[in-house]
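Biologist: Good morning. Could you take me through this model, please?
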There are 2 protein chains.
Amino acid sequence: MSAFSDIDKLAISTLRLLSVDQVEKANSGHPGAPLGLAPAAHVIWRQMRMNPKQPDWINRDRFVLSNGHSVALLYSLLHLFGYDYSIEDLKQFRQYGSKCPGHPESDSPGIDITTGPLGQGVSNAVGLAIAQANLAATYNKPDYTLSDSFTYVFLGDGCLQEGVSSEASSLAGHLQLGNLICFYDDNQITIDGNTNVSFTEDVCMRYEAYGWEVLHVENGNEDLDAILNALEQAKKSKDKPTLIKMTTTIGYGSLNAGSHSVHGSPLKPDDVKQLKKKFGFNPDESFVVPQEVYDFYNKTVIQPGMKACEEWHKTFEGYCSTYPELGSELKRRLAYELPEGWEKALPTFTPKDSAVATRKLSEGVLQAIHSYLPELMGGSADLTSSNLTRWKEAVDFQPPSTGLGDYSGKYIRYGVREHGMGAIMNGIAAFGAGYRPYGGTFLNFVSYASGAVRLSALSGHPVIWVATHDSIGLGEDGPTHQPIETLAHFRAMPNMQVWRPADGNEVSAAYLASLTKKSTPSIIALSRQNLPQLEGSSIEKASKGGYVLQDVANADITLVSTGSEVSISVDAAKVLAKKNIKARVVSLPDFYTFDQQSEEYQLSVFPDGAPIMSIEVLATSGWAKYAHESFGLDRFGASGKASDLFKAFEFTPEGIAKRAEKTVAFYKNQQVISPLHKPF
Amino acid sequence: MSAFSDIDKLAISTLRLLSVDQVEKANSGHPGAPLGLAPAAHVIWRQMRMNPKQPDWINRDRFVLSNGHSVALLYSLLHLFGYDYSIEDLKQFRQYGSKCPGHPESDSPGIDITTGPLGQGVSNAVGLAIAQANLAATYNKPDYTLSDSFTYVFLGDGCLQEGVSSEASSLAGHLQLGNLICFYDDNQITIDGNTNVSFTEDVCMRYEAYGWEVLHVENGNEDLDAILNALEQAKKSKDKPTLIKMTTTIGYGSLNAGSHSVHGSPLKPDDVKQLKKKFGFNPDESFVVPQEVYDFYNKTVIQPGMKACEEWHKTFEGYCSTYPELGSELKRRLAYELPEGWEKALPTFTPKDSAVATRKLSEGVLQAIHSYLPELMGGSADLTSSNLTRWKEAVDFQPPSTGLGDYSGKYIRYGVREHGMGAIMNGIAAFGAGYRPYGGTFLNFVSYASGAVRLSALSGHPVIWVATHDSIGLGEDGPTHQPIETLAHFRAMPNMQVWRPADGNEVSAAYLASLTKKSTPSIIALSRQNLPQLEGSSIEKASKGGYVLQDVANADITLVSTGSEVSISVDAAKVLAKKNIKARVVSLPDFYTFDQQSEEYQLSVFPDGAPIMSIEVLATSGWAKYAHESFGLDRFGASGKASDLFKAFEFTPEGIAKRAEKTVAFYKNQQVISPLHKPF
Ligand SMILES: [Ca+2]
Ligand SMILES: [Ca+2]
């Protein structure tokens, strides 16, 4: 006997038509996938745990629409399931300023993950599943289950073709994430037409190779029981993520069903009419929701969900009495607050302390703060011993059966999967419970993850990249590994901190700023080579993003620099002093944070009156915001000893001084105003 | 009976020790993989077709070291096989200015592909294999075989974990590239330790799922016959690429064999000594090559290779008489010359022509030039109908058995695999025979391929990205799809053209410049929305990278702009004229090309005397090189109609004029000099 009846069919038709109507009204969007996926969406959502009045409840099930172009379906669901979306909102689909943009955006109510760029959503979902497993292992007790939610994903052919999903899926299999259930919309169509033009691999076999449970629903258009059976089997698969391949027809019900013409353009008006007729709706009406559909979802999902949420809160109260320490820790985390005074653990340094590579100083910070911040989830893309991202006592996040760690572990072995790591970190951050993921790789290879980094910034996930080997200072590995354009790239990205600390105090400041900002990601660029502890640096000053390291009255020039070039600039100032040129030295470890300071403060760092010259052994692009002239490296690097390279490219006190002299001469008879002054 | 004898063992020991000696001398590098891989290298190279005196012979076999950190092994091979590497060169391994940098660089003799960034090499190899298949299908005749070479690849665990290799491998399976043979160094070790910490998938099963032939050599350390048998079987597999999993011991022979400690650091001196003893060499000598090893390779490979090359040239002479047209076409291509007068086919426009999206104009260019340029290999990452990258008569590059095209086809269906596409294009370009690959995607998703784009620039592969939907002008898809930082990123990359043409003439110029430069890649950023044909534009002027579109005597301001903002700036100049502000308008479609013009020309475009304001609806970073002030979009975009978004962000004639007025007022009493003047 079927678990489904007429009301299910009516609900599914409503979902389909509400989605089509949005696309028609906007005259823009993707009707095909919602038509094919509505049945699965119904079956999944009908059994999901959620509370539309408390969308961020930590033990809700998560839903990720990895094929984000199907977003009209998601808005239909959110409306019907009681989230804050009115029919009027749906009518504003894809209009400027509306609550219903063209792809899911995580600042909209009930949307867990921003998607659209293909391959990201399913990879984010791996992060959600990791966070859930970690939360459960950390806080659940035999008598209290605080976390046992699932993560459901819709994904299409495009998501499966993207390498980022391969990386994340391989790791998900290794990690045996039984809480992750993915529905693959096997509709045999992509924009270029039939998938047989480029995508003939055996997806199921590939996922089996990754260690996933793989199931197949042959008729995803109509066979609700088959979808439900697969779903139930997936939930039972406790030590494997599940891929349910669901064969569907894109644009199901449309006259052009099964063709790529229904993928990305509105249907023709006649087609919409026949579609409505076919599903038993009035062809002349739009945005219609039968009351019994509202009632059905209210009764089967919303009311039970609200009740479950209420009970969870009661359980949590009990938990807090029984386990007061863990309880208050979790309470703090759920409020997204850091523990009071944690920042006192940050190491400080004086010029007497020895020269140390900033990657090593970063290791010291992690070692010092990890015990205060259980929300830290670290890792590296197979460069742990180079990135120095693992504190001594760290336990690996691993399936217990491997004997290599357990799910309460906080250190993730990402493998050589930078893009996957970036997307997974986004998912961990998106889970809630204050999770603060960081991941290590060489600065140059953060670029491999550009797609995910951009979504961190757009969605405001405050993930941290521990990006070591930050210049030609990495030496012999050569130009394939030496970043040039990397900082310019990420500094040009909105809502992105790009720290390049010069010494121990600045490394501590970089972490302080990265961890206290709640919706801005960071890249912390760190040196392979040793750097001296600077006279004049402090956590407090560096926390402003930029500050005067060495001042001098009536300066002839300001030298502004970051990271490994700051101490060389200090020495350059000495060379200049011998030539009676007075140079101030400014350290500017993060543009983003500096730009948030008051205009008065900024002008005190970069005042009028003398030219400002930047020094950074990377591309000069972007520096003109602060400096009149820039000394940088607008070419690729070379293989050789770091010291030989710095000499060859003249990043020496003398090389800097030479250019500073020329700059002073150039501006001699000009009125010099600070680049910070702007007409608009 | 074994096909191998003592001389083979001696040669392998020589390879191993020569590699270890390089690392020891440099005190930097990776000894582990060369020790494990020397036997396979020997077996493969012993049967490879090559001519060290003519390293670019088109019908040579290719060898790609995808695990590029094993490069010491490659230098050992190149030395022993007669390429231009002396023992003295090997002693300079990893020193600044040496011929033997820390990773393979393609401008070194005998090195086909720059590698090091993991996952790229094997993906480039897919491009090499595509190009070979295309060359063979295009020029081979029943009586003349001009191309029948193989591409051999070494790759390690890291390459297999990277998503880019997943993308390229899936496509290689679809394309049935029987000329591609990959040796997977299954040594169970990565930097983080045993692969079981993060990489427990079944690689063989995954490659079977991709449609590859998969073989296994159980003892890659010693079993030369097994390696040879697998190799021979792979060569027989005509319609499948082959993955040979070769189980080896990292650092074979070292006291720390099998441990990650031998991966990336020199061996201890004692270890080197015992290693040399173990292989029958004098422990106190370094860089030793027994004469019989030189003789062996000379006899078995070098002499036969030179002979084969000579014969090939004779064959090609015969071909040129029998098929004079094809023969001279191929001759031209081998000389890396474009056909005379091809550029006359480029479309030109006048202001009377109608407004057209630049992506559509790009389609017109491809349509117009493709018949002149058989070296063009096009494609798109599943956005053919959006990128408009396919000329009407194009045949798809597909295995004939699919019925969808054949190997002489020039249009590649890449699937949703931007990074794979970028790496494959690099391989196609690296193959030689003048191949000029281009690939389409949305500008925002070129970032997914950053790792490959960087290697295009570093290696000088002149690939072309047809990057459409280049701003918020794409409209409703919203901020997940709208580039902001993208142009700043790629403009900061050395050796990279980033074209953003404003009309039809400029689109033609972008292709002209991209195709005539032989070692600089291009991104051509194109609009989704229609743009008018400009008064004052021409192919000739735009080919300079930047030019004065509209001049005016005694200008109060210069407006400089690109792409869709140029025509709005022209209208802004009209608004300003009504307020008695005289504005020049400059179009600057490509910074890189403009920077190559004479100083005099550059100063004629950006002269002293009046402020220069840039207008571009993307991040402002990088513009200060040319402009005193910049109007841009330093935030993420939004979902909405393009016209609504341009209005909301004030990229309108009035919005530009307002800021221009402020700029003029700001600089009123200042002496204004061009930003092009530099003190150093
Ligand atoms: Ca599909
Ligand atoms: Ca390995």
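Modeller: In chain A, strand 9 (residues 376-380) and strand 11 (residues 436-442) pair in the parallel sense over three bridges. Strands are DSSP runs of E of at least two residues, helices are runs of H or I of at least four, and both are numbered from the N terminus; two strands pair if DSSP finds at least two bridges between them. This is a predicted model, in which local features need pLDDT of at least 70 and side-chain atom pairs count only at pLDDT 80 or more, while totals for chains, interfaces and linings use all residues. Residues are numbered from 1 along each chain as its sequence is written, chains are lettered from A and ligands numbered from 1 in the order in which they are written, and side-chain values use heavy atoms, leaving out hydrogens and water.

Biologist: Which residue in strand 11 is the bridge partner of Ser380(A)?
Modeller: Gly440(A) is that partner.

Biologist: What is the strand order of the open sheet in chain A?
Modeller: The six strands run 10-9-11-12-14-13, with parallel pairing. Strand 10 (411-413) and strand 13 (497-499) of chain A are the edges, each pairing on one side only.

Biologist: Changing topic, is Asp477(A) buried or exposed?
Modeller: Asp477(A) is buried, at 16% relative accessible area (buried is under 20%, exposed over 50%, partly exposed in between, with a 1.4 Å probe and protein chains only). Asp477(A) sits in the loop between strand 12 (464-468) and helix 18 (486-491) of chain A.

Biologist: And where is Arg528(A)?
Modeller: Arg528(A) is in the loop between strand 14 (522-525) and strand 15 (530-531) of chain A, and is partly exposed at 36%.
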